[in-house]
Amino acid sequence: MSQAKLQIDFKVLAHNFSYLKSQLRSSTKFMAIVKANAYGSDAVMWSQTLEALGADYLAVAYCQEAIALRDAGINIPILVFHPQKEDLENLVNYDLEAAIYSLEQLKSYRDYLIKSDKAHLSIHLNINTGLNRLGIKKEDISKVIALLQNQNKLRLKWLMSHLAASDDLAQLSFSEDQAAAFEEVCHSIETELNQAFKKHLLNSSGIFSLTHKQYDMVRSGIALHGYSNLEHIDPHLKVVAHLKAKVTQVFNISKGEYVGYNFGFQAGNDMTLATVAMGHADGIDRKFGQKQNQVFFEDTALPILGNICMDMFMVDVSNTQIKAGDWVSIFDAQHNADLSAKSIGTISYELLCAISSRVEREFILLEN
Ligand SMILES: *Cc1c(COP(=O)(O)O)cnc(C)c1O
């Protein structure tokens with residue numbers, strides 16, 4: 001283990017969950033997204049907590065992620081956004097639901113299930129309305145309908161789509177167009193199959209920017225962590241995870257000396273440095289080096305000097321009383337991952353997901 005800690009406060013998660021719920025109709029179901037180890041946190045702990053809080057659904061990207069949750073005893077429905085052909089048996093055996101995003105996938109699942117003695121599979125049909133990532137295109141809908149008719153092994157439960165820019169209020173009309181396109185496709189499927197289906201469209205920012213399109217369920221990942229991607233909403237959410245690392249050495253250097261690999265920094269004055277026990281192997285992006293970012297000791301900002309190493313980095317502590325054994329904050333409620341991300345041109349999601357398994361996870365549980 002590196003000497004770094006991700007402190008995860010599930011009471012704060014409970015706050016974010018209830019704030020999100022307060023923005024929705026009471027009948028709207030809530031799907032919590034726990035893919036990628038719950039955005040770099042701990043998927044099992046998040047899932048157990050969210051199940052206890054009353055989330056209706058969980059979702060992950062890949063089948064193995066869902067199996068790990070079932071193995072840990074998670075009972076609520078789990079949707080797999082991006083299942084592969086070879087996952088079909090596991091999807092059925094582990095009682096998972098599958099997003100269907102292509103005709104080939106639909107056909108392969110259908111043909112296999114019809115021939116086998118396996119039970120049915122519940123599916124969510126993912127409609128591509130402009131993100132152009134995964135999803136069935138409008139022109140293929142009649143083929144989808146034909147494949148779903150006269151069989152009962154693939155059970156269509158939900159219709160879904162995904163917004164491309166729900167966090168960009170300047171692009172709201174694009175989001176509205178996506179919702180309209182989604183409704184049009186839903187309508188033709190419902191007419192042809194002579195049955196109504198439940199629907200979900202909104203991700204975290206969509207919950208706030210396109211609330212009137214919440215349909216029967218919303219899907220939220222990042223907002224549960226305390227980041228809405230919307231400035232006017234962030235004050236209502238709280239940051240769940242704080243990232244800290246230990247100072248292992250404090251030392252002086254003289255004017256003119258270099259710091260770190262490849263002379264990444266040269267001291268313009270005599271100064272005091274500290275070595276922090278976390279590096280790019282732990283998820284600290286090398287772009288944070290060369291004073292592009294800072295960490296915090298109490299309220300003092302400590303600029304990162306030179307290049308980030310694999311296991312550590314150096315900061316300027318000239319104006320502090322910091323000593324070896326103290327902890328610095330990489331991000332917390334005030335200096336959050338969204339701000340850090342912006343300083344290097346990325347998004348909170350990327351920083352959170354990058355926190356490696358070498359970083360210890362520490363939990364504040366709901367009932368403490
Ligand atoms: C990851 C993902 C989400 C969650 O998005 P957030 O912005 O984190 O709320 C929702 N839907 C789909 C299809 C996703 O892939």
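Contact means that heavy atoms lie within 4.5 Å. The model is predicted: local features need pLDDT of at least 70, side-chain atom pairs count only at pLDDT 80 or more, and totals for chains, interfaces and linings use all residues. Residues are numbered from 1 along each chain as its sequence is written, and side-chain values use heavy atoms, with hydrogens and water left out.

**Overall layout**

- The secondary structure of the chain comes to twelve helices and 18 strands; helices (H or I, at least four residues) and strands (E, at least two) are DSSP runs, numbered from the N terminus.
- The C-alpha trace spans about 80 × 45 × 45 Å along its principal axes.
- Of the 368 residues of the chain, 53% count as buried; buried means under 20% relative accessible area, exposed over 50%, and partly exposed in between, with a 1.4 Å probe and protein chains only.
- Taking contacts between residues at least 6 apart in sequence, 67% join residues at least 24 apart.

**Domains**

- The chain is divided into domain 1 (10-236) and domain 2 (241-364), with bounds that come from an automatic or database domain assignment.
- Between the C-alpha centres of domain 1 and domain 2 the distance is 37 Å.
- To the contact between them, domain 1 gives 14 residues and domain 2 gives twelve residues.

**Nonpolar cores**

- A nonpolar core is a set of buried Ala, Val, Leu, Ile, Met, Phe, Trp, Tyr and Cys residues joined through side-chain atoms within 4.5 Å.
- The largest such core has 114 residues, and those with the most contacts inside it are Trp46, Leu50, Leu121 and Ile189.
- Domain 1 (10-236) and domain 2 (241-364) both give residues to this core, so it lies between them.
- Another core, of nine residues, lies apart from it and includes Ala267, Met271, Leu305 and Cys309.

**Helix pairs**

- Axes are lines fitted to C-alpha atoms, for helices over the stretch in contact, and angles run from 0 to 180 degrees between N-to-C directions.
- The axes of helix H1 (residues 10-22) and helix H3 (residues 43-53) come within 11 Å and cross at roughly 50°.
- H1 and H3 are therefore oblique to each other; angles under 35 degrees count as roughly parallel, over 145 as roughly antiparallel, 65 to 115 as roughly perpendicular and the rest as oblique.
- H1 passes H3 in a right-handed crossing; a crossing is left-handed if the near helix is turned anticlockwise from the far one by less than a right angle, and right-handed if clockwise.
- Where H1 and H3 meet, Phe10, Leu13, Ala14 and Phe17 come from H1, and Met45, Trp46, Thr49, Leu50 and Leu53 from H3.
- For helix H7 (residues 141-148) and helix H8 (residues 172-193), the axes come within 10 Å and cross at roughly 35°, and H7 passes H8 in a right-handed crossing.
- Ile141, Ile145 and Leu148 in H7 meet Val185, Ser188, Ile189, Glu192 and Leu193 in H8.

- Val12 lies in helix H1 and counts as buried at 14% relative accessibility.
- Leaving aside neighbours within four places in sequence, Val12 is in contact with Lys238, Val239 and Val240.
- Ala180 lies in helix H8 and counts as partly exposed at 44% relative accessibility.
- Ala180 and Thr129 are 51 residues apart in sequence, and their C-alpha atoms are 8.9 Å apart in space.

- His335, in the loop between strand E17 (327-331) and helix H11 (337-343), counts as buried at 18% relative accessibility.
- Its contacts, leaving aside neighbours within four places in sequence, are with Phe296 and Ile330.
- Most residues other than glycine have a negative phi.
- Asp95 has a positive phi, near 55°; Asp95 lies in the loop between helix H5 (88-93) and strand E5 (97-100) and is exposed, with a relative accessible area of 57%.
- Asn229 has a positive phi, near 70°; Asn229 lies in the loop between helix H10 (222-225) and strand E10 (241-253) and is partly exposed, with a relative accessible area of 23%.
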